[in-house]
Amino acid sequence: MKMALEILKLSIFVILLSAVAVFASDWELKAPTGLKFETIKGYENWYVVATHYRRDKNELRLIIGNDIAVKAYREGIPLNGKKFPEGTILVKIGYSLKKNPDFSVSFEPDVIQRVEFMIKDSKRFSDTGNWGFARFVYDKRSGHYKVWGKSKRDYIQCYSCHKIVKRKDFVFTDYVKRR
Ligand code: HEC
């Protein structure tokens with residue numbers, strides 16, 4: 001009897017432990033480029049660089065950067081022809097839109113569609129302009145993220161398209177003035 005109780009206690013403990021592990025597991029997701037989601041842990045508190053709106057996708061995008069990124073932008077990079085320093089991270093969050101319930105001509109972010117980022121790391125990503133790319137797609141139903149893309153090949157398209165702005169160190173977004 002005592003033994004059965006101990007086993008029961010132990011299994012409850014294991015179940016609780018695995019529930020916590022699932023909760024934290026999204027940070028462990030790893031894109032085929034080798035970059036984990038946890039590379040950008042804490043990004044909720046980073047700085048706004050700019051917003052974009054894609055008319056064809058009806059999606060609002062928020063571009064945020066870590067302190068290295070924002071310091072570089074404020075120094076005039078990349079428009080001054082210099083490159084972003086090692087460790088720069090830029091994150092893009094895509095949101096679907098909804099009407100402001102209290103003011104219908106105003107639209108606001110609704111559900112996160114995906115979080116993606118690029119990190120400057122010339123040792124690891126010299127083949128792709130010294131930037132590493134990763135994308136995590138949000139699944140509304142489960143509340144969890146999934147890795148986008150199956151192989152490194154899928155990620156070549158990130159670099160290919162960002163090459164349009166090679167002259168700006170492969171970064172589309174300019175820093176938006178606040179004053
Ligand atoms: C067909 C073109 C295209 C492809 C493919 C693409 N991007 Fe972008 N990306 C853009 C554009 C344009 C922007 C500017 C912001 C916007 O319009 O949303 C951007 C912005 C970004 C930004 C913010 C920094 C910047 O350059 O402005 C990140 C981070 C980013 N993309 C990551 C990725 C990742 C990761 C992939 C691949 C999984 C990817 N992109 C694939 C066109 C592309």
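Which residue in β4 is the bridge partner of L97? The partner is P109. The model behind this report is predicted.

## The sheet

Six strands make up an open sheet, ordered β1-β2-β3-β4-β5-β6. Their pairing is antiparallel. The edges belong to β1 (47-54) and β6 (144-147). Each of these two has a single partner strand, so one side of each lacks a neighbour in the sheet. On average, neighbouring strands are turned by 30° against each other, direction ignored.

In general, strands of a sheet pair through backbone hydrogen bonds, in a parallel or an antiparallel sense.

## Strand β3 and its partners

Strand β3 spans residues 89-100. Nine of its twelve residues are buried, which leaves the strand mostly covered. On one pairing, β3 meets β2 (residues 59-65) in the antiparallel sense over six bridges. Here L60 stands opposite Y95 of β3.

β3 also pairs with β4 (residues 103-120). Eleven bridges join these two antiparallel strands. β3 and β4 form a hairpin, with two residues between them.

## The β5 and β6 pairing

Strand β5 covers residues 131-139 and runs antiparallel to β6. Four bridges join them. In β6, V147 is the bridge partner of F136.

## The iron and its donor

How many donors does the protein give to the iron atom of the ligand? There is a single one, H162, through NE2 at 2.2 Å. H162 lies in helix α3, which runs over residues 156-162.

The side chain of H162 also has an N or O atom 3.0 Å from a nitrogen atom of the ligand.

## Around the ligand

An N or O atom in the T173 side chain is 2.4 Å from an oxygen atom of the ligand. F172 contributes through its backbone: one of its polar backbone atoms is 2.9 Å from a ligand oxygen atom.

Is C158 buried or partly exposed? C158 is buried, because its relative accessibility of 14% falls under 20%. C161 has 40% relative accessibility. That value lies between 20% and 50%, so C161 counts as partly exposed. The structure has zero disulfides.

Key. Residues numbered from 1 in each chain as written. Predicted model: local features only at pLDDT ≥ 70, side-chain atom pairs only at ≥ 80, totals over all residues. Heavy atoms only, no water. Donors = N, O, S within 2.8 Å, 3.2 Å for Na, K, Ca; no water. Disulfide = S-S within 2.5 Å. Buried < 20%, exposed > 50% of the residue type's maximum accessible area, 1.4 Å probe, protein only. Pairing = 2+ DSSP bridges. Polar contact = N/O pair within 3.5 Å; in protein donor to acceptor, adjacent residues only side chain to side chain. Axes fitted to C-alpha atoms, helices over the stretch in contact; angles between N-to-C directions.
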